[in-house]
Amino acid sequence: MYKIGWFSTGRGQGSLNLLNAIVAAIANKKIHAEIAYVFCSRELGDAEGSDAYIRQVQAYGIPLVCFSSKSFQPEVRRHGKENPQLLEQWRAAYDREVMARIAAFHTDLIVLAGYMLIVSPEMCRHYHMINLHPAAPGGPAGTWQEVIWELIEKRADYSGNMMHLVIEELDRGPAVTYSTFPLRGAEFDPLWVDLDAKLQHKTLTDIKREESEHFPLFAKIRKEGARREIPLVVQTVKAFSEGRIRLENRKIITAAGSILTTPYCLTEEIEQELLVQERLQTE
């Protein structure tokens, strides 16, 4: 049985939604895999959101490893905010303790799903870990907000999401899987026209400041990206569990043993999954 480790801070509903989706996919035999353990970087009492997350993991009966980053060497971490070298030392020490706590579990892959900590170089080298990024390969870096504003500024024709390998350089790991969606067409074109009309009287910086995430084009891009995030995580784990792809020495290997020079595209599977969800909602 293919085994995955699941890392999360469990901060909010998004992390819980990801967990629920992967548990449901396994229960429904959509994915032939097992969650070997969930690691949470918070403990009961740290925060209301993570408390709910921890209790849900316990309710599922999944082995749970909690280790509060808030309680680990708090003075060192606090001083590290002004001293990057000290913060790097704190991060390495924390991750060594994490690795010791999960050492008894065998996993084929670790998925970061709402994990809010930067992973140390030592942990990156020790495990195959993948993380979700809200842009297509070659797209903008940064937070999902920064990604969307850059897409708008560059008048991009498409966007997407990808799962990338976690490496020593933050958010610089190679894309492993991805999906894309167009930013043009019947639903998007009027929003671009609206943008052009507003740019006759103000700058994009003005629009950011005045409307922020409520700007219609921004909100639409976010909606279409967000609805594909969970399907991408699920379909990625499914592809790994079926042996269609695997990771060796930071290379993507196909079932035939060849090295993929480009990320594994899951757009077709994800769009099909969204169509099925839409049909079920209308029945």
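**Exercise 1: Salt bridges and exposure**

The structure, which is a predicted model, holds 27 salt bridges.

*Task.* Determine how exposed each partner is in the salt bridge between K154 and E150.

*Solution.* Step 1: the side chains of K154 and E150 meet at 2.8 Å, from N to O. Step 2: K154 has a relative accessible area of 59%. Exposed means over 50%, so K154 is classed as exposed. Step 3: E150 has a relative accessible area of 26%. This value lies between the limits of 20% and 50%, and therefore E150 is partly exposed.

**Exercise 2: A salt bridge within a helix**

*Task.* Locate the salt bridge between E224 and R227, and state which network includes these residues.

*Solution.* Step 1: the closest N and O atoms of E224 and R227 are 3.1 Å apart. Step 2: both residues lie in helix α9, where they are three residues apart, or about one turn of the helix. Step 3: E224 counts as buried, at 8% relative accessibility, whereas R227 is partly exposed, with a relative accessible area of 28%. Step 4: through shared partners, salt bridges join E187, K220, E224, R227, R228, E271 and E278 into one network.

**Exercise 3: The largest cavity**

*Task.* Describe the largest cavity by its volume, its lining and the elements that contribute to the lining.

*Solution.* Step 1: the count gives one cavity of 30 Å³ or more. Step 2: the largest cavity holds about 70 Å³ of space. Step 3: 13 residues line the largest cavity, and those closest to its centre are P134, I148, N161, I221 and G225. Step 4: at least two lining residues come from each of α6 (144-153), β6 (158-165) and α9 (216-241). Helix α9 gives the most, with five residues. Step 5: sorted by class, the lining of the cavity comprises seven nonpolar, four polar and two charged residues.

**Exercise 4: The largest pocket**

*Solution.* Step 4: the lining of the largest pocket has 23 nonpolar, 15 polar and 12 charged residues.

**Exercise 5: The surroundings of T254**

*Task.* Is T254 buried or exposed, and which residues does T254 touch?

*Solution.* Step 1: T254 belongs to strand β9, which spans residues 251-254. Step 2: T254 has a relative accessibility of 15%. Buried means under 20%, so T254 counts as buried. Step 3: the side chain of T254 makes a polar contact of 2.8 Å with the side chain of S258. Step 4: leaving aside residues up to four places away in sequence, T254 touches R244, R246 and L260.

Definitions and conventions
Residues are numbered from 1 along each chain as its sequence is written. This is a predicted model: local features need pLDDT of at least 70, side-chain atom pairs count only at pLDDT 80 or more; totals for chains, interfaces and linings use all residues. Side-chain values use heavy atoms; hydrogens and water are left out. On a 1 Å grid over the protein atoms alone, a cavity is a set of points where a 1.4 Å probe fits but cannot get out, and a pocket is an open set with protein on both sides within 12 Å along at least five of seven lines; lining residues have an atom within 4 Å of a point. Grid points are joined across faces, edges and corners, and a volume is the space filled by probe spheres set on the points. Helices (H or I, at least four residues) and strands (E, at least two) are DSSP runs, numbered from the N terminus. Ala, Val, Leu, Ile, Met, Phe, Trp, Tyr, Cys and Pro count as nonpolar, Asp, Glu, Lys and Arg as charged, and the others, Gly among them, as polar. A salt bridge is a side-chain nitrogen of Lys or Arg within 4 Å of a carboxyl oxygen of Asp or Glu. Buried means under 20% relative accessible area, exposed over 50%, partly exposed in between (1.4 Å probe, protein chains only). A polar contact is a pair of N or O atoms within 3.5 Å; within protein, one must be able to donate a hydrogen and the other to accept it, and residues adjacent in sequence count only if both atoms are side-chain atoms. Contact means heavy atoms within 4.5 Å.
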